[in-house]
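Me: I'd like to go through this one and ask what stands behind each label. Can you take the terms one at a time?

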Amino acid sequence: MTSIPSHDDDAALDPRLAAQILGDGGRIGDRLSPDPRILFGVWGIAWFVGFGALWTTARTATDVQPAGWAFAVFYALLATAVVVTIVHVTRRSRGLRGTSATTGSMYGWSWLVAFTVVGLVLGALGRADTDPAVMGIVSTALPCLVVGTLYMAGAATYRDWSWFALGAWIAVMAGIGAMTGMPSIYLVMSVAGGGGLLVGAFACHVAGRRGRGRP
Amino acid sequence: MTELDPVIHAPARLRIVVALAELDRGDVLAFPRLREVLAMTAGNLSTHLRKLEDAGYVVVTKTHERRTPVTYLALSDTGRTALDGYRHALSAILGGSR
């Protein structure tokens with residue numbers, strides 16, 4: 001397995017090889033933390049395509065409501081992104097215990113709690129016969145605001161300004177989307193929200209993943 | 001000529017110390033995961049970890065999770081300081097040889 005035979009381990013080490021081993025540290029560190037390109041990428045695609053499907057079907061419908069299949073696509077993409085996120089983060093943090101595991105699990109639980117409450121609020125609005133136009137705005141802007149806020153909170157925890165900027169951008173776009181109303185809010189969240197996430201993934205790729213965020 | 005710390009100045013031990021230095025302070029890494037990350041055999045890794053533990057560079061914590069024994073590893077403050085010193089000494093040597 002190892003490129004270094006055990007009988008050589010105590011032999012004199014070439015300083016240049018030693019410098020190379022020291023330089024490999026960052027790559028090892030990356031293997032022990034989530035890859036932001038994967039997380040931003042999978043969510044970016046889900047938002048871009050999912051909200052895009054909601055927008056294209058809603059804008060041509062007489063009642064300005066998205067088609068059933070568009071919701072099916074949207075929720076399937078979100079479910080996929082949730083599974084990819086959980087599997088990826090779990091795999092990368094395998095064997096790690098201590099402070100960052102505690103921080104990570106508290107952060108993970110905050111997503112679950114926040115989205116359970118979002119679900120409860122939307123359910124209550126649905127039962128209260130809320131106007132479909134209002135429902136469309138709230139059911140889109142509210143979860144997007146929560147995502148933006150939790151990104152900013154995560155960025156504050158891990159002291160990552162680019163992740164913070166992405167969270168602030170998503171939160172602001174949720175507000176702007178709400179002001180544009182139905183069905184334009186879907187277009188805003190697809191292009192600006194999903195697009196913002198994809199730009200974030202690309203920026204992390206360009207930055208070589210150093211100074212990484214840990215979504 | 002600057003002296004290089006002989007405890008760290010061996011390929012396997014240098015790789016172990018460099019890997020553990022990537023953990024945040026307050027974090028520990030399980031033995032099997034370190035083995036996987038470094039692609040070393042269990043026996044080889046154990047041998048070098050013992051030398052690092054004897055020097056006070058690595059803290060070894062043995063515990064049980066669901067009745068299975070698990071060994072967690074972390075770099076001690078002494079180990080971090082030693083790695084910093086090694087980095088400086090090495091760059092002095094490489095800088096001087098040019």
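Predicted model: local features only at pLDDT ≥ 70, side-chain atom pairs only at ≥ 80, totals over all residues.

Me: Which residues of α6(A) and α7(A) meet?

Reply: From α6(A), the list includes A:Ile137, A:Cys144, A:Gly148, A:Tyr151 and A:Tyr158. From α7(A), A:Trp163, A:Phe164, A:Gly167, A:Ile170 and A:Ala178 are among them. By class, the contact of α6(A) with α7(A) has 17 nonpolar, three polar and no charged residues.

Me: How do you know that α5(A) and α6(A) are roughly antiparallel?

Reply: Helix α5 (residues 99–127) of chain A packs with α6(A) at an angle of about 165 degrees, the axes being 11 Å apart. Roughly antiparallel needs an angle over 145 degrees, and therefore α5(A) is roughly antiparallel to α6(A). The crossing of α5(A) past α6(A) is right-handed.

Me: Which residues make the contact of α5(A) with α6(A)?

Reply: On α5(A), they include A:Tyr107, A:Trp111, A:Phe115, A:Val118 and A:Leu122. On α6(A), A:Met135, A:Leu142, A:Pro143, A:Val146 and A:Leu150 are among them. In the contact of α5(A) with α6(A), 17 residues are nonpolar, seven are polar and no residue is charged.

Me: Why are α3(A) and α4(A) called roughly antiparallel?

Reply: Helix α3 (residues 36–60) and helix α4 (residues 68–92) of chain A pack at an angle of about 175 degrees, with axes 8 Å apart. The label requires over 145 degrees, so α3(A) and α4(A) are roughly antiparallel to each other. Among the residues that meet are A:Trp43, A:Trp47 and A:Phe51 in α3(A) and A:Trp69, A:Phe71, A:Phe74 and A:His88 in α4(A). The classes for α3(A) with α4(A) come to 20 nonpolar, four polar and no charged residues.

**Chain B and the interface**

Me: What pattern does chain B follow along the sequence?

Reply: Chain B reads α-β-α-α-β-β-α, with four helices and three strands. Its C-alpha trace spans about 55 × 25 × 20 Å along the principal axes.

Me: How many residues of chain B are in contact with chain A?

Reply: 35 residues of chain B contact 35 residues of chain A. Between them, the two chains bury about 2,900 Å², with 59% of it on carbon and sulfur atoms. On the chain B side, B:Pro11, B:Glu22 and B:Arg33 lose the most area to chain A, together 21% of what that side buries.

Me: What makes the pair B:Glu65 and A:Arg97 a salt bridge?

Reply: The closest N and O atoms of B:Glu65 and A:Arg97 are 3.5 Å apart. The cut-off is within 4 Å, so the pair counts as a salt bridge. The rule finds two salt bridges across the interface of chain B and chain A.

**Backbone details**

Me: Which peptide bond is cis, and what is its omega?

Reply: The bond from A:Met182 to A:Pro183 is cis, with omega near -5 degrees. A:Pro183 sits in the loop between α7 and α8 (184–206) of chain A.

Me: What is the phi of B:Ala39?

Reply: B:Ala39 has a positive phi of about 50 degrees, although it is not a glycine. The place of B:Ala39 is the loop between α2 (31–38) and α3 (42–54) of chain B.

Notes. Residues numbered from 1 in each chain as written. Chains lettered and ligands numbered in written order. Heavy atoms only, no water. Contact = heavy atoms within 4.5 Å. Helix = DSSP H or I, 4+ residues; strand = E, 2+ residues; numbered from the N terminus. Nonpolar A, V, L, I, M, F, W, Y, C, P; charged D, E, K, R; others polar. Buried area = accessible area lost by both parts, 1.4 Å probe. Salt bridge = Lys/Arg side-chain N within 4 Å of Asp/Glu carboxyl O. Axes fitted to C-alpha atoms, helices over the stretch in contact; angles between N-to-C directions. Parallel < 35°, antiparallel > 145°, perpendicular 65-115°, else oblique. Left-handed = near helix turned anticlockwise from the far one by under 90°.
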